[in-house]
Amino acid sequence: MSKPNCESLMGRAVELSKHGFPAPNPRVGCVIELDGEIVGEGYHDHAGGPHAEVMALKEAGEKARGSTVYVTLEPCNHHGRTGPCTEALIAAGVKRLVYAVSDPNPAASGGAARLRAAGVDVAEGHPMSTEAMLANHKWLNAVRLQRPYVIGKVAISLDGRPALPNGLSKWITGPEARYQGHVLRAECGAVLVGRGTVERDNPALTVRDIDVVNQPLRIVIDRYRTLPMNRKIFDRKAPYLRVVASSPGPHEVEATIEDNQIQLEDLLSKLYKLGVTGLLVEGGATTMSRFLEAKLINRLEMFIAPRILGSGQPWATFGAITDLAGAQQWSYSSIRSIEDDLWITAYPVG
């Protein structure tokens with residue numbers, strides 16, 4: 001059997017980084033090689049758990065001494081929920097470190113410099129850096145823009161209706177489409193809806209049928225605190241946050257109001273400061289339309305059922321364009337069959 005080369009080792013680290021649900025932390029994968037043999041592997045499974053490097057070092061044990069470490073993101077150099085990975089690598093006696101992407105987070109950066117100062121040979125960048133960035137694009141985008149990466153998720157009929165005129169929507173799509181919606185919640189680490197969705201559907205907004213350590217933060221826009229505390233979103237099964245217009249208390253954040261509208265970009269900035277790096281918008285037509293109109297959705301995940309409802313509110317409605325040149329342009333990234341439903345992923349153009 002041929003020995004693994006540098007590219008295959010980093011490629012393995014990238015694949016490992018796609019495992020787990022580490023939000024709001026970054027996705028990181030790590031491979032440790034000694035004398036042409038992989039002696040340790042790891043990935044960051046969940047926030048609060050061991051980082052990828054620590055998992056790989058534990059598996060490698062004494063074989064980590066004198067080894068080369070391949071990691072998708074520059075090792076952290078700060079004390080967060082866990083200790084700095086740089087110190088763990090130094091203590092393990094690794095000889096060389098290769099990382100694909102520099103850490104853009106000022107609070108955690110500086111890992112490469114710390115390792116060099118300790119005598120570790122450090123190589124920055126890698127032919128697989130593009131793949132490493134793509135695997136971690138939500139978190140990298142959030143750090144760059146200082147606001148969460150926003151995914152809009154909708155489940156609709158063929159004629160674009162999310163529910164019947166009476167509001168009934170359970171279930172338009174099939175079990176697999178609903179399962180993928182739970183995966184999106186787990187990947188983002190936070191989910192947002194408007195007050196109307198909670199009043200109408202009383203959703204729990206938790207992750208079910210998936211083994212997760214951390215349930216997502218559930219966020220509801222409820223400017224005047226009209227929702228009673230017996231709604232499922234306020235139970236103890238997961239953390240919650242209420243967006244209010246003034247005098248925020250515990251589990252609340254104050255929104256900036258202009259022209260009687262919540263300024264969503266400002267709200268996203270505040271959520272980022274609270275530690276939210278990924279946000280799944282599952283709100284009804286009003287909430288989804290506001291995010292679309294403000295051009296704050298980074299990606300759309302649409303699940304389309306083979307049903308025609310014939311009536312009912314559309315899933316989004318805003319503005320009044322007079323020609324197609326004024327329409328928002330989106331690009332399909334993928335179109336997949338998922339049981340009887342269609343799953344479309346789209347990104348905004350420009």
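1. Valine 193 stands opposite valine 220 in strand β8. Strands here are DSSP runs of E with at least two residues, and helices are runs of H or I with at least four, numbered from the N terminus. Please keep in mind that this is a predicted model, where local features need pLDDT of at least 70, side-chain atom pairs count only at pLDDT 80 or more, and totals for chains, interfaces and linings use all residues. Residues are numbered from 1 along each chain as its sequence is written, and side-chain values use heavy atoms, with hydrogens and water left out.

2. What joins β7 to β8 (residues 217-221)? There are 5 bridges between these strands, which run parallel; two strands pair if DSSP finds at least two bridges between them. Together with helix α8 (residues 195-201), they make a right-handed β-α-β unit: with the strands pointing away from the viewer, the path from the first strand over the helix to the second runs clockwise.

3. Now look at another partner of β7: strand β13 (residues 278-281) pairs with β7 in the parallel sense over 2 bridges. Here valine 191 is opposite leucine 280.

4. Is β7 (residues 190-194) buried or exposed? Its 5 residues are buried, 5 of 5, so the strand is largely enclosed by the rest of the structure. Buried means under 20% relative accessible area, exposed over 50%, and partly exposed in between (1.4 Å probe, protein chains only). Ala190, Leu192 and Gly194 point one way, while Val191 and Val193 point the other way.
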